[in-house]
Structure formats: structure tokens, C-alpha cells
There are 4 protein chains.
Amino acid sequence: MKNTFGNAVSLTIFGESHGAAIGAVLDGLAAGLPVESDYIVARMERRRARGDGLSTARIEPDKVEFLSGVVNGHTTGTAIALTIANTNTRSGDYAKTADLLRPGHADYTAYAKYEGWQDVRGGGHFSGRVTAAAVAAGSICERVLAGHGIRVYTHIARLAGVEDAPLSSAAGLVCPEPENGHFALLDPSREAAMQQAVRAAAAEGDSVGGVLETIVTGLPAGVGEPWFDSVESELAHIAFAIPAVKGIEFGMGFAMADQRGSCANDAFCMREGKIATATNHNGGVNGGITNGMPVVFRTAVKPTPSIYKTQQTVDYVNRREAELNIQGRHDPCIVARAAVVQNSLTAFGVLDLLTQRYGTLWQKHGEV
Amino acid sequence: MKNTFGNAVSLTIFGESHGAAIGAVLDGLAAGLPVESDYIVARMERRRARGDGLSTARIEPDKVEFLSGVVNGHTTGTAIALTIANTNTRSGDYAKTADLLRPGHADYTAYAKYEGWQDVRGGGHFSGRVTAAAVAAGSICERVLAGHGIRVYTHIARLAGVEDAPLSSAAGLVCPEPENGHFALLDPSREAAMQQAVRAAAAEGDSVGGVLETIVTGLPAGVGEPWFDSVESELAHIAFAIPAVKGIEFGMGFAMADQRGSCANDAFCMREGKIATATNHNGGVNGGITNGMPVVFRTAVKPTPSIYKTQQTVDYVNRREAELNIQGRHDPCIVARAAVVQNSLTAFGVLDLLTQRYGTLWQKHGEV
Amino acid sequence: MKNTFGNAVSLTIFGESHGAAIGAVLDGLAAGLPVESDYIVARMERRRARGDGLSTARIEPDKVEFLSGVVNGHTTGTAIALTIANTNTRSGDYAKTADLLRPGHADYTAYAKYEGWQDVRGGGHFSGRVTAAAVAAGSICERVLAGHGIRVYTHIARLAGVEDAPLSSAAGLVCPEPENGHFALLDPSREAAMQQAVRAAAAEGDSVGGVLETIVTGLPAGVGEPWFDSVESELAHIAFAIPAVKGIEFGMGFAMADQRGSCANDAFCMREGKIATATNHNGGVNGGITNGMPVVFRTAVKPTPSIYKTQQTVDYVNRREAELNIQGRHDPCIVARAAVVQNSLTAFGVLDLLTQRYGTLWQKHGEV
Amino acid sequence: MKNTFGNAVSLTIFGESHGAAIGAVLDGLAAGLPVESDYIVARMERRRARGDGLSTARIEPDKVEFLSGVVNGHTTGTAIALTIANTNTRSGDYAKTADLLRPGHADYTAYAKYEGWQDVRGGGHFSGRVTAAAVAAGSICERVLAGHGIRVYTHIARLAGVEDAPLSSAAGLVCPEPENGHFALLDPSREAAMQQAVRAAAAEGDSVGGVLETIVTGLPAGVGEPWFDSVESELAHIAFAIPAVKGIEFGMGFAMADQRGSCANDAFCMREGKIATATNHNGGVNGGITNGMPVVFRTAVKPTPSIYKTQQTVDYVNRREAELNIQGRHDPCIVARAAVVQNSLTAFGVLDLLTQRYGTLWQKHGEV
């Protein structure tokens, strides 16, 4: 349904980069769940740009205002509408190059789809700005999951070719504590090298991409709604809503295609009286349903399309080829910010799947 | 909605491996569209097992019976229900090992989800058998798309490490003619090496995986329904419904994560009076919307979990570790058969997206 | 979604009057629920025609075949596909008058919608025949509800002007035992007068209509999903899917429009330690949510459009006015049969609403 | 999906009576459609209370603010989020009687569903206040339909027993011009008697109800998506989302139940070269699909539950019976205001059905 997704819990996203506000409607939450301002602020802060040369110079306060569904820090059980005002907009930056299609961006496809009526200011609906609303809504879901011992954590597995420490199988069983930095890393010592790589690209007017890895722990076995609403289907659907995501793989993913079955299969074993698997090549999902091991997947984030190098393009209005020199304020790398978005939307998806099985009331009262 | 997917066009899948029949309900098609028996039979035949050592020895006639929605070889406009009888079932094969969880399979997760009430015969709802229904329904969609000049083609990009010829950028612009063989390849001369690799694994009681690549040509720019129902979201959702798919990437995909923006962006150009891109790194999709270039994506297919080597596992009923020696009839490689499923379901997804934009009547009358 | 409805539980209906079979896919049921053949057969039998002058002379065995989702008389947790073969079809009856639009029927609207490609035999998708599939699916839901002490009962409140006994407020609190007859009445002594009225109309080649009243008991307070998925919205949506239903009203319904608030409001009281209402003018629903009183509503069933009197109509093909004398086998009154359909689909709707709140697993394990 | 409804076009409603704002997200509109401020203001004005003794003394400016999806008075093609601030709130009015359940209201059911966490101020989510958002969104749809020659008009067919002039069959064929008054009547001379009846009830601390009649003209034949998404199902689903609606009937409705088929059927005839019906007993719908005649239906609006007379009720917290004397500002009659809501939401539903058949682009470019 276009800007709405979810079954038992649903999320509607709206807004444009330079409109009055962006926002979300989160529906299907039980009444009486905590909506903790500090928690949300901390998540928003992690997604927010820094103006430090690593992210865009457009700094927004990103204050979340609740219009409905929340009273005294708790859900009321009705739809939660939240908005985040757009304050620091400089639409003039875009005026000079408005007819020149930015390569890698949605300029042309928006023209084609909306026939010229789209809001072009700042990328409109296709701006990464819109993801702030997803983070606000998703962080509420994260908090609900945490109350049931379910944790979602996303780290930058690779950025501009620099690798984070791997999720060892041991690490795969416990959720790393989210640190407070802008770069979510298992090994914070890698941050310097990553920043270095970003600054190097930025210095050349260029941008870099990376790979995110998300892990969900604490999920019981038996969650997921195949045939069509498998865990992978639901989480992939959501991941590809995030601008710049171009790939997703679960567990061993694409590497599994080159394995033999005897290596790729996860042998079952008994661990502390429970059924477990010795390895987690399948990323915690078999047949679209959780098997009680951590759900693990990676998403590919392409380099920011907005670069300052001269690019070949087309003048849409005059239908002729042209050179483009992009103005405006852009991130040389959005991977760190995308990590927060990926995490938030995953939390939403996981809560939706759990609610289908256990019911709305479970969110408040349930054991899993 | 669990076993139903789609917005303007919807597909419901049902059935178990050893039940009376598997089937599908395809809804949302305009009236008067051709439902060509020969076309469907040819697609079903490509998915069908051969009993040639490359696929399972369970051979099914796979005759598609229409219960509703089709009269005189044309759609009536109402829901199309189709069934495919299960005839060659040997449930006894599974009896001896019924309590031993097969690694890589959905045995354990089905136990967890269905609490022991699931149909365990032949893998039940999680058998690849169920995909026959998807192929039957999807091939109807393929035929509708063909009437509008839209082609969907899936080849085996890699199997057991053996690569097919690459989709050159030139090849990316025209849809290769689907050949009639069981192995869908751009370069049929690679088939021998692939078969060799499959037989080698099979000889050791093992299995192999691979990578599929799908290309959709003829799509106009402007198709896709972001924020949530982007082209990638819809096609990924569907792809992960296919058993054994563990990853999907669009265009350059994961490789894009290691590129700089200046390399990853697709420069726009004018080609034959139309806006096009010089490269297709984004796989024909920007901002979740088609840009008029071919839509290209790859899916990772894991090696068949059913292998004949001894595996470590758990006896679910007695909750103790055990060794498993699988009986039954299984494919040492399902990649070639999965290619047909991937293709069929992609056609369904593309038709759904087109119908949202252009309407149901467009399927019959429309220009794109 | 056209032929699919429901949120947590979904129902897909397919089939045409003279096609191979009609059927349904019921999805979203927990595993391990009883699917009792005797129960279903009894419900099917109540819907079935008698050939007794009160209903159509087309007698069908209405044997329900399960293709998936049921093993050993219990749900497996996957989609339940069921079919009912069409055996007693005499399409020739319709040939002579195929171009003449039957007043009150869907002939013309089907032409308009399906542009002449619809299955016209026996009314096609618009035949009351299709409701047999709804009864089969709904009776499974009825049985699940019964396991939780929730009963759905529909009686013929009025037929051809003959009234059944009223649901007194006392009767409103306990569910009348469904009797075994074809006519579901609170006062079986009224059946003779009703039959008399039907036969009188039939003797003149005419038909009669009536009003059904449905009561649902045992529902806890707090069920319903406003704003849009109120109890009334969900049940009304379903009721209008039944051919011939032209109105629905909850509680006092239209009569409430002429009352003052002081009369229409239901005063709250304590009854056996529980909050209750002294009257039930609101039909057990306030603000779209159950209040713990029985849910009560009435549906208007129009007289069968197929009558044997000469009617004025239009020849669709030749676009000229014409006289129509209907052939074929038709019920002079479908009210008694519609009662079973109304009851079955209500059970489905109620189960869907309960499952949203309490979860899928609740169906098997839950307390309400 | 709870607070979201629709297929090709979807509407999400949020807000509470005394929260920061109420609002809506309208999604699925084509780009470039007019969003005329004057048109919306006029519709909002008709719904607004007057403080004239006929409606509540709470007067709100009801200014609609667009957060997204609208630029320069036209749709951009993305989700339209709109909010209406709550300014004139006096929550203190409710404090004294907060534990006393108001008969006919959703107080008790909200307690049961939301377990005490609901926003109780001013009726919260169950206040008629929320309907202002539906009017704002629906009036955009009305304007789109008007561009295609499709008109939706709702009049007060009966109020406190005083009848408006009937929709003659002649009037049924052309849409009456909406007048500018607060009371939408075919015969404005009836307003005085209606107002008199309202004031008489108000003088006694009581309230009155009524019946609305809606007519949609200009619809082509062939619109509607049975089995489940018939025209009646979609419009009834929406109508019962409106607080206080307790019944709906199409065409002759409940009166049809007492007719014989020979009277109830609408004979077909040729009129100005087109197929039409001589009468419109079926309200423009056969088999759930439009037949080209005006779609006509009536909804029952119950008397306002908030009355000033002393009522018997229960103290929810102390679980004992009590007497209630309601404070606060309430309408003695909401029928006139509900007419605008009914009209707006009908326009939304009709646009959704049309878009499924003709496509999103049709909204902008299409012929019907």
C-alpha cells in the first residue's frame, strides 16, 4: 500500500525534504506501552547529521512531536501520529540545476512517475530526510521489543572497504551493547580508518558506500508467516524502502550459493537444554520462520549519489545532454546514518511479525 | 497476508507436498486476456524434475487444472483458481526419520510454529513442490506482460561456481530469447560444466547452490510505489518467498557498496531520442521507481539442504542429539528449477506494479 | 482485495456456477484446531437446496474436499484450500436467453465490468452457488469460536412479511440452540406460514425476500479495531458480499434514528458482578468495539431476481428492448439458505477481529 | 488495517479530541490534481459547529494544514498528510465524571480495549471531532471526482421524524446542487421544522437522530470489485467508521425484503441510446457492481449519546451503579454535521473503486 506497510502493526511514512514537516503514523500498538522521550531522542541523535565533514551541513533539531496516540509517556492504543518539522531548508540551492537530472538519484524517475508535479526541493519525497520519521517510529518499536528481551543491533560491517570486526558465532549469540557514537561498530578502533576513507573521498568531491549488518537476538522460534510473509520477505521489503539500499542477504547469503549443502547446513545440537544450531549460516531463519538463533542479515548501501564532481547528464526540460555540477549540502557517506534507519525499521518489522502470532495484547502483557 | 501477496493483482498459494493438490488463486486480472495452455505447459515443463540425476526422482505430470476464472482460453475477470494434483507421493520415505530435524530445512521451525500439527510428509508446505503452483500462476502473468512488449528472463548466472556468460550492457538492453532447455543460460555451452559439477557433488551425496539473474525489459519509466512498495521491495518480498533464496541484489548490488559515487552513478544520456543511462549499475531502478532501463537483479540460491551424507542433528521428540541419514528423493541442485519459479513470480510482481499505475483495464487494452 | 478479505484471518472465495468447482482458501488459522467433518456437513446441508418447491431444483451433493491445510481432522496451520465440485449443471437452460439482461441480476454489470468475457453460465461468479464455499470455510470458524464459548446464530426474523418471534432481551443473553431444520426460527411454529407465503409467490411465478437477524454471544468487551475496522464495518463489509443483501442495521438500527438519546442510550448496570447494559439498543457495540453484550444485527435479503413472470428488459447484443421469460431452476426464496451464509461469514469476521487482538496462537490455546 | 482503509487509494485517520491535532494521510492520488483551498474550507465550514443551540458550543477554526503531498495547490503524487489543530479544548469539563461510563458512548469499550490507557479527554479517539480530518481528506477526493463529472451529494432524509422531500426517480438521475446551508436538504423549506424539533429536544436536555441519504451520479457501469469489495461492501465499511451510524441500506433497502421479485426488480430499458433501468430499487448496484444508474443509499444516525438528563450508569473504577449528569459541550443533534462526513468518506470510497479499475493515472488524465 505505497506509503503504508505492515499487517498487525502498520507504519505510514509521509513528507518531503523541504515541506512543512515529515512524519509517520504508527498503528497497531497495544495501550500502556512506554514511549520514552530520552530513548527516541538518543536514536534521533544518532541518525542526525553532524556538519563535521562526514555528513551534510544541513543540521536539523529533529524534535519529534506527537499529535496523537501518546499521553503521559505511554501509548493510548490508538494510531500514533508524529511529526518532525523541517526548519533548515535552502531550496534555492537546487534552483540552478533543477532541470538537470542527477545521476543515481530519483530525479528522472520522479519526473516520469509524477509527470513534473513532484516536489523537487531537496529531493522531495526521495530525500534521506524522510528517514528521520522512520527512526522515530521504529525506536518506539525497539523499546517495546526490549521490554520482551528482544534486541536489534546494526553495525557498519564495511565502509569504503574498511571492515569492522566480524560477528563471531559467539558474538552472534549475544547482542553487543549499542555504543553511543555516530559510527556503530563492534570494534570502535576501526572508526578512525573509516572516517579517513570518507574524508579522502569527500576531498575529491566524491562519496563512498558500505555494508550494514543487523542482528536480532531474543526471538523465539516459530515467528514468520510463509508462504509470502517469511521473515526474510518482510525484512527485505522494509530494507529496500530505505533510500540507497541495493542488496540484502541473510546469514551466509550470496556466499552460500558457492557452498555445498554439507557446509551450508547448520547442524542441530542441544545447548543448555534447548534446541540450537552449531553454526548460523541460515541467519536464524529456515523456511521463512525463526529458529531461535539470532536473525542476521546484511544490506548494501550504495555511495551517496550527490557528488561534487562534474557528471554527464540530461536536461530534462530541453531534452539534451548536459554537464552537471551539484550544489547543495550532501553527505559524502550515508552509511552511518543509514545504520540507524535500518535498525529502526527492522524493529518495526520484527514487532509486526511477533504481533501476528501473539496478538496485540501480547505487546503489553505477553511472554514470548 | 501470509499466503496472499499483491495489491492490484494478488496471488494466493496453498498446498503441501503430499496433500491432495497444490494450487493458487490469481486475482485482479482483466477479462479477456489469453491463458494459453501451451505456454503454461512449457513453463511447467521447464520447472519439472527430470529424474536424470540432476533433479529429484519424483516425477509429477504437473497438469494444471483451472477451477474458475478461465473460459475458452481467456480470463473471465474473476479469480483464477488452479490446482495441480500430487500423484507420485511416497510418504513412507519420511517415516523412519520423522523425529530427526533435517539441517537447513524447515522441520524445526515448522514444529515450533505449528506445534507439531504441521503436515510433515515430504516437507509439507515447505517443499519446493509448492512452487509449481507459483509457476502456473506466474506464467499467466508472463503472457500478459508479453502482450505489452514486456519480457522477463532469468538465467543461471552461476552454478556450483561455474559462471554463465555475463549480461553485457548491450545484452542488458534486449531480452535474450528464452531457450527451451532445462538450464536457462545465456551461453548454452556452459551447461556441460555445470552438469558436471552437480553430478560430482551428487556422487558424494552432497548438493550445490548458485546465483540466478533476472532481467525485465520493456518497462516504461515511472513504475513503482515508494515509500514502501518500491520495485525492489516488491520483487525482494516475492523472491524471499521462494524456498532456498537467501539473498537479492539489484544492479551492481553488494559490489556497489565498495564503489565511489562517481563510479556507481549511471550517467544520463539521450539515446534514440529518449532519456537513457550510459550504464545500468542501479539495475533500472532509482528511488524505487523504474527508469526505463532493464530491471536487473540477482538472487542467491542455497544448496539443497537434503543431502545423503550423515549429518549431526537433534531428535525433536526425545530432545537428544542424533545422527541423520536422509531418505527420500531429492534434487542435488535446485537452481535450474528455481530459475523458472523466480521468473514466474517476478512476472507476477511486475504485473502488480503496472496495474497499480495503469489500472486493471490496462492489462487488456492499454498502452504503456 | 477483491476476492480476499480479512486481516489476521483471511478468506479467498473463487468459482463460478457451472465451472469445474467452487472453493475457498481460509488462511491464518492456528495449527491443531478441529475441522469436524460432521459439523461442516450439517452446515452445508442446511444451505443446500431441497427441490421441494421452496428452493431450486438443482440439487448438488456439496461434498467439501480439502486440498491443503487439514490432516487427520485438524488444521496444520497453513492455508486451508477447499473445493466443492459443480456436478448438476445444465448450462443449456441459459442459452436461449443469454443476450437478454435479467432484471435485478448482475448480467448487465458483469457485461460492463468484464466486457463480455465473463462466465455467463448459471450466473457465473454471481450465482448463489458460490456461497457454498463461504459456508464451508465459515463453519470451520464457527467451530473454532464454539471452542471458546462464542456462538453465532442467525434466524429468519421475517420472510414474505411473516415474522418470527422476537429476540427478547432475555433471549438476547443466551444463544438459542440452532435447530436442525432448513428454516432457522426462534419459533418453529412460524415455519408453516412462511412456507405458505413462499409457495403462494412461487405459484404466481414470483419470489419473496426477508430479513435475517444474527446474534453473537460470548464475546468479551474490547474487540474491534476502529477507526476503520469497527465491528460494524467488518461485519457489514462481509454481509454485503452475500448476493441479495441490500441493508444491514445493528441493534435498534434505523429505528434509532427516530428516537431521542434518552431512549436510545443503553443504561449501564452491574449484573452478576460484571458491567452490563440494561437494554441492548446499540447491538453490543459502542464506538465500533464490543461492550460484552450480544452483538445483534439484521440484514435485508431482497427477493430472488429470477422470476418466471414476463419482464421488460434489453437485448444486450442488439441494444434493443425485449421481453424476457426466464428458464432454468431458481429458488422462489433464498432467505433460508442465505441465513446459513450470513451465519458462516459472520463467524469468519468475528474470528478475524478476535485474532487481531489476541493473536493466532490464542485460537488454539487462549482464554478470552 | 485499523486506522487505514482503501486499496488503490488509502486513507489513514488519527487524532484525539483534546490532543495536539487530528489529521489524515491520503495516499494513492495521482500527481497534478487540484487541491483547492476554497473547496476544502467550504466543506469544513459545513461540518463545523455553530454554537447556535443546534450544535456544540465548542467552536474550532478547523484550519487544514498540509504537511506533505501538496505544492502550489496541486498534488505531488506522494502521500498527503494534513492536520487540523485542536485549540478550543476544556478537558476540565470531563474530570468530575471521568469514572462514570456515559451510556451510548465508547467510554466502557475504550476502557475494555485500552485497559485504562486511552485518552479520555473529550471522548478521545471516539469524539466526532476526529471526523473533521475525514472531511478534509474526502473533500479532496470529491474535487477529483467532480473533474470527471462524478458528483456525491448527501441530504438529511429525516431528522427527528421530520422528512425532507424524497429523491424522485427524476431527481435520482441528476445530482441536486449542493446548497450552502448547514442543513443539506432537497427542500430547504423543511429546515425550520427540523430546527424546531432539535431545539425542543435540547430544551429537555435530550438529543435527536436522523437518516442521511447519499446519491452518487456520473458513475460508469462496471465499477466494483466483488466478491468481497462490492460497491456496497466498500461504502458500508466506510459508513460504519463514522461514529453514530448504526445502519445502511442501498436502494429500496430493508423495504425490499417485503417486496416480491416482480416489484423489486428494475426493468431494463434503452434511454438516449444507453442501457438504463426504469426504476432504481437496487440503488445503482447489481452483483456489487455499478449499473450506471445513480448509486443511492441511506444511513441511520443515532441520537447524540451525550444528553443532559440524569442517566443510570456504572462507576467503572469502583464497580458500582451510579447516576450520571453529563457536563461539557455537546450537540443535541449531529445529523447535519454527519452528512458532510458521510459525503466526504463516500467520495473517498468511490475514488478508490474507480482507481482500482482505471488506474492511478486515470485520476489525472482519464475518461470514464
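This is a predicted model: local features need pLDDT of at least 70, side-chain atom pairs count only at pLDDT 80 or more; totals for chains, interfaces and linings use all residues.
**Stop 1: chains A and B**

Start by colouring chain A and chain B separately. The contact between them takes 102 residues from chain B and 102 residues from chain A. About 8,400 Å² of area is buried between these two chains, and carbon and sulfur atoms give 60% of it. On the chain B side, select Trp227(B), Phe228(B) and Lys246(B): these lose the most area to chain A, together 12% of what that side buries.

In total, eight salt bridges are counted between chain B and chain A. Now show strand E11 (residues 245–250) of chain B, which supplies six residues, the largest share of the side of chain B that touches chain A. Polar contacts also cross this interface, with 62 residue pairs found.

**Stop 2: helix H3 of chain B**

Next, select residues 107–114 of chain B, which make up helix H3. Is this helix mostly covered or mostly open? It is mostly covered, as eight of its eight residues are buried. Among them are Asp107(B), Lys113(B) and Tyr114(B). To see what covers the buried residues, bring up chain A: the cover includes strand E12 (268–271), strand E13 (274–277) and helix H8 (335–358) of that chain. Then step just past the end of H3(B) to Glu115(B), which takes a positive phi of about 55°.

**Stop 3: rings**

Show the aromatic side chains now. Over all chains, the structure holds 38 aromatic pairs. For one cluster, select Tyr108(A), Tyr111(A), Tyr316(A) and Phe268(B), which are linked by ring pairs.

Two other rings have a charge to look at. In chain D, the charged end of Arg319(D) sits over the ring of Tyr316(D), 5.1 Å from its centre. In chain C, Arg357(C) lies over the face of Tyr358(C), at 5.7 Å from the ring centre.

**Stop 4: chains C and B**

Finish by showing chain C beside chain B. Here 45 residues of chain C are in contact with 45 residues of chain B. The buried area is about 3,300 Å², with 62% given by carbon and sulfur atoms.

How many salt bridges are counted between chain C and chain B? The count is zero. Polar contacts do occur across this interface, in 10 residue pairs. Several elements of chain C each supply at least two residues to the side touching chain B, including strand E3 (21–27), strand E7 (80–85) and helix H9 (360–365).

Technical notes. Residues are numbered from 1 along each chain as its sequence is written. Chains are lettered from A and ligands numbered from 1 in the order in which they are written. Side-chain values use heavy atoms; hydrogens and water are left out. Buried means under 20% relative accessible area, exposed over 50%, partly exposed in between (1.4 Å probe, protein chains only). Helices (H or I, at least four residues) and strands (E, at least two) are DSSP runs, numbered from the N terminus. Contact means heavy atoms within 4.5 Å. Rings of Phe, Tyr and Trp (its six-membered ring) pair if their centres lie within 6.5 Å; planes under 30 degrees apart count as stacked, over 60 as edge-to-face and the rest as tilted. A charge sits over a ring if NZ of Lys or CZ of Arg is within 6 Å of the ring centre and within 35 degrees of the ring normal. Buried area is the accessible area (1.4 Å probe) that two parts lose on being put together, summed over both. A salt bridge is a side-chain nitrogen of Lys or Arg within 4 Å of a carboxyl oxygen of Asp or Glu. A polar contact is a pair of N or O atoms within 3.5 Å; within protein, one must be able to donate a hydrogen and the other to accept it, and residues adjacent in sequence count only if both atoms are side-chain atoms.
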